[in-house]
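Here is a short briefing on pockets. Look over the sequence and the model first.

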Amino acid sequence: MSSNYRFIAIILAIVVVAAFILNNNISDFRTIDISSFDFSKIFGLLGSIAFISLLVERTSEIFMIDPKEKEKEHLKREVQSLTKRSVLSPEEAEIKIKKATQLEVYQTERRKKVSIFAFTLGILIAMFGVRILTNLIQNPESMNIVQSKFINIIDMVLTGCVIAGGSEGIHYIIKMFGNFMPGNQPQTREF
């Protein structure tokens, strides 16, 4: 099982366990009014989260020092030099494949470490009050205590994931929301 599916399975398991723990109060959960989302509030919230996400990205770049950076650059140059050649011997082709594979392994390891670091920062930021869902709920006082805590936990995980996902993804979400705004026509590409 890949690590992405394993992570999703862990999150789902946490939600299932929380649901079983909260089972005695599950009938008291009330519906939450989300019918009156204001687009300007959503855009403001996503813009703020995008800014925070950008800060987390830059912080990750600074604090997550890559000890294999020189080796990766060396591998990249070797693969590029072999790629520029029009004809490769079978041994050179095999060397190129091995070096490209090793470079991909290093890059994948780096992305995983940076993602975990960014997710941890995102969770910490969410724990201190920067949230997505709870800022969009109209009457949070209408929820019971258990429901409120459950939504806060899910909101912290969701916010941590969005922040860790980077600002580029949030800008994409903002763009998609903009396409569905009243009076806006979806942008089409001309070729």
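Predicted model: local features only at pLDDT ≥ 70, side-chain atom pairs only at ≥ 80, totals over all residues.

Residues are numbered from 1 along each chain as its sequence is written, and side-chain values use heavy atoms, without hydrogens and water.

**Largest pocket**
- About 410 Å³ of space lies in the largest pocket (a pocket is an open set of points on a 1 Å grid over the protein atoms alone where a 1.4 Å probe fits, with protein on both sides within 12 Å along at least five of seven lines; a volume is the space filled by probe spheres set on the points).
- Its lining (residues with an atom within 4 Å of a point) includes Ser-3, Phe-7, Lys-112, Phe-119 and Cys-161.
- Two or more lining residues come from each of α1 (3-21), α4 (90-127) and α6 (145-165) (helices are DSSP runs of H or I, at least four residues, numbered from the N terminus).
- α4 gives the largest share, five residues.
- By class, this lining has five nonpolar, four polar and two charged residues (Ala, Val, Leu, Ile, Met, Phe, Trp, Tyr, Cys and Pro count as nonpolar, Asp, Glu, Lys and Arg as charged, and the others, Gly among them, as polar).

**Second largest pocket**
- The second largest pocket has a volume of about 240 Å³.
- Among the residues that line it are Glu-57, Glu-61, Arg-110, Val-114 and Gly-166.
- α2 (39-63) and α4 are the elements that give two or more residues to this lining.
- The largest share, five residues, comes from α4.
- Three nonpolar, three polar and four charged residues make up the lining.
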